[in-house]
Structures are given as structure tokens and as C-alpha cells.
Amino acid sequence: MKLLFELSGEHPTLPFVELECVGRVIDRRTRVAVAECPDPAATNRLALTHTVMEYLGECEPTADALVALLDDLAIETDRPFAARVKVVDGSADHPPQLTLERLIGSHIRGPVSLKSPEIIFRAVISEDRCFFGRVLVGGLRSTYEERSPITRPFFHPGVMMPRMARAMVNLSLVMPGEVMYDPFCGTGGMLEEGRLVGARVFGSDVDLFMVRGAEQNVPPAGLLVADATALPVGDASVDAVVTDLPYGQSVCIKAESLNWLYEGSLTEIKRVLKDGRRAVVIAHRDIREIAGRHFTILQYHEQRVHKSLTRRVLVLEKDATD
């Protein structure tokens, strides 16, 4: 099914690549993507998407072009509906938003209800195009805001927020029923997001205090105390690895020790990961040289958190020939 996605604007690339876990992107503009998705219900797992729509068509961002599209679609409904228009910043010249909403409403046959619509038709203007669709899923981001880390049974400062942790899980392409592993699990934030998408989650950490905390936060997870450079996990037994590597500000180790830790842990991650599968590794400095010795680097993204912290997200693949 062809779907239309209105994306988050908090990062220029991550919202687009996250869509790989649900389909194949066939067109994109600023904060908008069109993708072929075999299972529309799976889009509920997305974290960096605002709204998911059934793709109905697209045109130039003019009133005449939109009227022609609506006439061609000839939409009829016996359910109350409303029309909404979103204009992405920096888009081409277009008629006023309210004018376009009234235009859409007048070219769909059916009862209009602005207060309690059962169906919402939505146009999104981005760059040089006006995309039009019927809303399937909205308010995806609100579920993550309700699950703030501070509300968990065990809290530790510096944890990744659930929305970004879910995006990292999605980049791994782990599917329901598959095994996801985090060798630096900390308080279990990645494991919780993996569990919520239906993965079988396992984690470890060298710090017993953190493992005990993760047991409170994610009771269904398989957890143990382990050195990430010597994991008690079988070869090629894991479908996906998602982990946030420790760094200098949060652990008392020297730069030389960090290099040793990164090298050793990536060696182990490669060993336990199945051929052709992904590891998503978050670091706080550029470790592409180290990662490239063990994996094919599929993607590299930078996200500035604050002036002293920039996340480097690496999407890595274990070659089937290894």
C-alpha cells in the first residue's frame, strides 16, 4: 500500500531512514515521504513521524491543480470528515491555508464536521509539491512523551529519551519475534523500546547496579552482568544489536581505554550478530575507523544534543561472507 508520511523536523535524515522498518521510500521532500508499505498497521512503531496517511495523490501547490486532483479522485463518504492543510516551512508560494481547507471540503461529497470528524483528509505542502492523503494514524509522538524516563521504577541521569531510543531500534530493522541485544544496556531504555515493537530482548552491562535497575524497568528482558568485550552469548545468535556506547563524561576511563573498549565490544558484537543483520551503535565521537574494520557502514548520522554532546549514530551491517 502506498502511504504518505508527515515527518518530524528534529533531524534532517533520521526520520527518512527510520521508515525502512516499515517500507520502501519512493519519494521525499522536506518533512514528507511517500513509501510502499506491505503492512500499514506496522507504522505504529515509528517515532519520528507525526502523521501516517493513505496516499491519494499529489499536485503543484496551486488552487487549480488541487481542484483538478480532487475532481479526478471524486471522493465520496457518508461519514463526517474534515479537511486539514499543513505547510512546511520554506515551501513554494501557495494559496492561504484556510482557502485550501475550504476548497478540499467543497470538493468532497459528504458531511463536514470540524469538531468531531471520523475521517480527516490532509494536504501537506512541501517544497514544490502538494501531497494529499487520508489520515490513518496520528499523534504518534504523544505516546513517547507519556513514557518519560523519570517515571520509570529506576531512573539514572543521562539516559536517551524513549522517542530517540525507539528510532534507534527501528534503524536496526528488528522485527516482532526476533532477538535484539544491548551489551551496554544501562537502565534498559533500548530494551523497553525493542520489547514494545515485539522483539525478544536481552541485555547486559558490566555494572551490577545498572543491571538491577534494568530488571525493574524491563522485567521481561533477559539480563546479566557481563563485560562487553567478552559476551556470554553464542556466535551468530542475535538478529539485531542496538546500543549506546559509554563515553568519557559518563565513565571514568581514559581515551586509550575507550579505544580498547570500542574495539573489543565491536569485535564481540560482530561475533554474536547473524550474517547480513544490523547493529545500531551510538557513540559520542567519530568511531567510523574502528567500526569499518568490523562492519560495512550503511549509515552515519550526527545529532547535536547540546553544546558539549553530539551523538554519532552508526548503522552497521555484518557481511554474510564473514
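Select Val238 and then Leu273, its bridge partner in β12. Strands here are DSSP runs of E with at least two residues, and helices are runs of H or I with at least four, numbered from the N terminus. This is a predicted model, in which local features need pLDDT of at least 70 and side-chain atom pairs count only at pLDDT 80 or more, while totals for chains, interfaces and linings use all residues. Residues are numbered from 1 along each chain as its sequence is written, and side-chain values use heavy atoms, with hydrogens and water left out.

Next, select residues 238-244, strand β11, together with residues 273-283, strand β12. The two run parallel and are joined by six bridges. Two strands count as paired if DSSP finds at least two bridges between them.

Now widen the selection to the sheet. Which strands does the open sheet hold, and in what order? There are seven, in the order β10-β9-β8-β11-β12-β14-β13, with mixed pairing. Strands of a sheet pair through backbone hydrogen bonds, either parallel or antiparallel.

Finally, show the whole chain. It has nine helices and 14 strands. Its C-alpha atoms fill a box of roughly 65 × 40 × 35 Å along the principal axes. Of the 322 residues, 52% are buried, meaning under 20% relative accessible area with a 1.4 Å probe, protein chains only. Among contacts (heavy atoms within 4.5 Å) between residues at least 6 apart in sequence, 70% join residues at least 24 apart.

Notes:
Buried means under 20% relative accessible area, exposed over 50%, partly exposed in between (1.4 Å probe, protein chains only).
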